[in-house]
Amino acid sequence: MITNDNKINNEIDSEGFNLKKTISIYVKQWKWFLFSVLIFLFSAYIYLRYTTPEYAAYSKIMITSDSDGSSGAGAFKDLSIFVEKEEAAVEDEIQVIASRSFMQNIVKSLGLNVQYFTRGRIYESELYKSSPITIDFIASDSIISKTSYNFFIDITSETEFNYRVSEDDTPKKIVFGETIPTPFEGMIITPKSNVKKYVGKSIRVKLTPVESVSARLKRKISIEPYSKSSKVLIISITDPVQSKAIEILDFLIEQYNISTLEKKNLKSINTAKLIDERVELIAEDLMSVDSSIVRFKTGNKITDVASEAGLFMSTSAQNEQQLDAAMTQMRLLNSVSESLNDDSFDAIPSNLGAGDPSISALSLKYNELIQRRNTLLEIGAGKKNQTVIQFEQSLNGIKQDLKNSVENSKKSYRIQLNSLENQSNRINSKITAVPGQQSKLRSIERKQGIKESIYLYLLQKREEAIISQTSTSPNLKVIDSAYAIGKPVFPDTKMVYIGAMFLGFLLPFGVIYVSDLLDTRIHNKEDLKRDVNNITILGEIPKIKANKVLVERNDRSILSESFRIIRTNFDYIKRSRKVANYNNVVFVTSTINGEGKSFFSMNMALTLANTNKKVLLIGADIRNPKLLMGLEGKKKDDLAKVGLTEYLVDKSVTTNEAINTYEINGNKVDILLSGKVPPNPAELLMSDRMKPLFDEVSEQYDYVIVDTAPAMLVTDTLLFSQYAGHTIYLTRAGYTEKRILNFAKELHAERKLNGMMLVVNDVKQSNFGYGAQYGYYGAKEKKGFFRKRA
């Protein structure tokens, strides 16, 4: 239950998060926010002014497939084993375009490893394709491509220039065309037609290893699909020189074009080579058959063939045709089997009429994996690359499956051949009546017809493969040639300024937030109220200037008004409490030294005296006397030579001798000074003369203010605290730690100090109570800059 003596400011602060109060913490520091934002904006301005702008170039291409039959595989599109879908995987093509070999070709072809710069007022500008000089290196290109070198050329005339390796070196005069010694075998510099424009200017030449430039170029080039499943690629690059960025993109597309054409032509060449081998074999067989006919007709003197065999001969012809077709397939299967026994990974014909779907599917997959493996090797992956090894393992597995399928197919054809041969034997036995010469001739002619049809078919396909080499189309279609945007894309002025403003606000916000988070001190009445909620808080004393530390009579300053508020609250508490003895005796103490006890005691005494009350101020902190505030201007003779120490030591000293009246700022106050510092202050304060002293002064005065020692540091205050009717406990804003307030709470809980009340001293006006927001009644209102302008 709440008693009458703590009705003021005794409610527990049950409010939750207070947004307005939280914001006010930062609003009070608006000057730091403004200063920080201005600093960051100025830094952003300097950054933008001295940063070389970069421009973006873009190009758009579409990846096409090989389904149009432009490659060598189109020669066999009417055979089931060669019907394959060669749609380029977009991701693979992106890797090809951005490959290390492509980047190095660009650097070497465009000479990007040799750069020329001219210094302007703010930053250097690259002279791309507009350099006034040409450099011829004596060393080989392989050496120059690995060289890192930097030097300066000051063009003094159209025939001479000054040469420096570093800016601080002494210039060396050299004539154009003269050999200049360098760590890489020397070089010769010759002028161009525009050298006259650069007379008097300095040019910096920078040589960078091709490997480094190509790696940097690869990081700068961006290749992204237009959408997730699109074959359209958007290629972009940023560079300080627009024309350079455009030329790099154009050259990159050209390089990719040439690469795809070479790859397709290689496929056509391999196809034509395979057909040539088959044509030679068939031609040999055909020549053998032709020779047999000639020999047979010559030996048997046969000039005409009669159709005496009839139906048997027709049946025999069909059987022989099937038999030859089966044997041809057996030869093809044997050829494929020989190719599979080779350890190399070369493309194989998928089918030349075998008609086995398993062999067709495996051959298609085998050729696809070979193409993907070769693509990886072309983009720089070594044979020890994990992906290449995985491809080779898959190829070996498919090759084994192909071998098994081919062997199974060969077994099937052997059975078929045996069947056809048996059938042929049966038919031949039925036509034994036919003259042997005619039967043999017909057999040879049938073989000749079969061989001729196969021979003509292969010749036709060979011509198609050769023609495809001249009509090969590239793997891409250029949708948009390289173009540049006129304005710089880096640095982004808008985003830089927005980022600067954000950081300008973030830095002080973070500092204030962390400071507030780590702050363990009280700063005003609200902080004290949150930590100590069961002790009455009389009020706050503002932080004041050092030259005005004491209140004056009829003073209307903030300091005087704060003490008047404390006086009013104290009188209310005093009337509500029932104190039998020493009701007008007020002890002033604190937890530690430096919290403003003596300052408060003197000003409280002056404030009470301002109401025409009779007030006595006692300096009871005899260890560290500080009650000379306001008495500095007094002569030594006017100051009492007898104080509390002398009174307690010498029983002959009376209170009238120890107490003296002083006029301070128009107020008369009786003061009992501390006196000399004794060697035994604690024992002295336990003197039996203390009780008569307080009995006497409590009867003679309206108020007795006692300035005591800090309660936590020494026991002096607690030794005679029974003579206090009320105790005012001082805390100091920005000084008193919240953790040491536990000591004050213990004193109050254990009732070691009578009528304990709290006061917050030295509060900044920005943290001061209600007066800081609304001002004091009757005080002249101070207008800010913007309110004055309104």
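This briefing covers the overall make-up of one protein chain, one of its sheets and one of its helices. The model is predicted. The chain has 790 residues, and 44% of them count as buried. Its secondary structure comprises 23 helices and 21 strands.

**Whole chain**
- The accessible surface of the protein chain is about 42900 Å², and carbon and sulfur atoms account for 53% of that area.
- Taking contacts between residues at least 6 apart in sequence, 79% link residues that are at least 24 apart.

**A three-stranded sheet**
- Three strands form an open sheet in the order S4-S9-S8, and their pairing is antiparallel.
- Strand S4 (133-137) and strand S8 (179-180) are the edge strands, each pairing on one side only.
- Strand S9 covers residues 187-191 and pairs with S8 in the antiparallel sense over two bridges.
- Isoleucine 180 has methionine 187, in S9, as its bridge partner.

**Helix H9**
- Helix H9 runs over residues 357-378, which makes 22 residues.
- After H9 comes glycine 380, which has a positive phi, near 110 degrees.

Terms used
Residues numbered from 1 in each chain as written. Predicted model: local features only at pLDDT ≥ 70, side-chain atom pairs only at ≥ 80, totals over all residues. Heavy atoms only, no water. Helix = DSSP H or I, 4+ residues; strand = E, 2+ residues; numbered from the N terminus. Buried < 20%, exposed > 50% of the residue type's maximum accessible area, 1.4 Å probe, protein only. Contact = heavy atoms within 4.5 Å. Areas by Shrake-Rupley, 256 points an atom, 1.4 Å probe, with all protein chains shown as cover. Pairing = 2+ DSSP bridges. Expected span 1.5 Å × (residues − 1).
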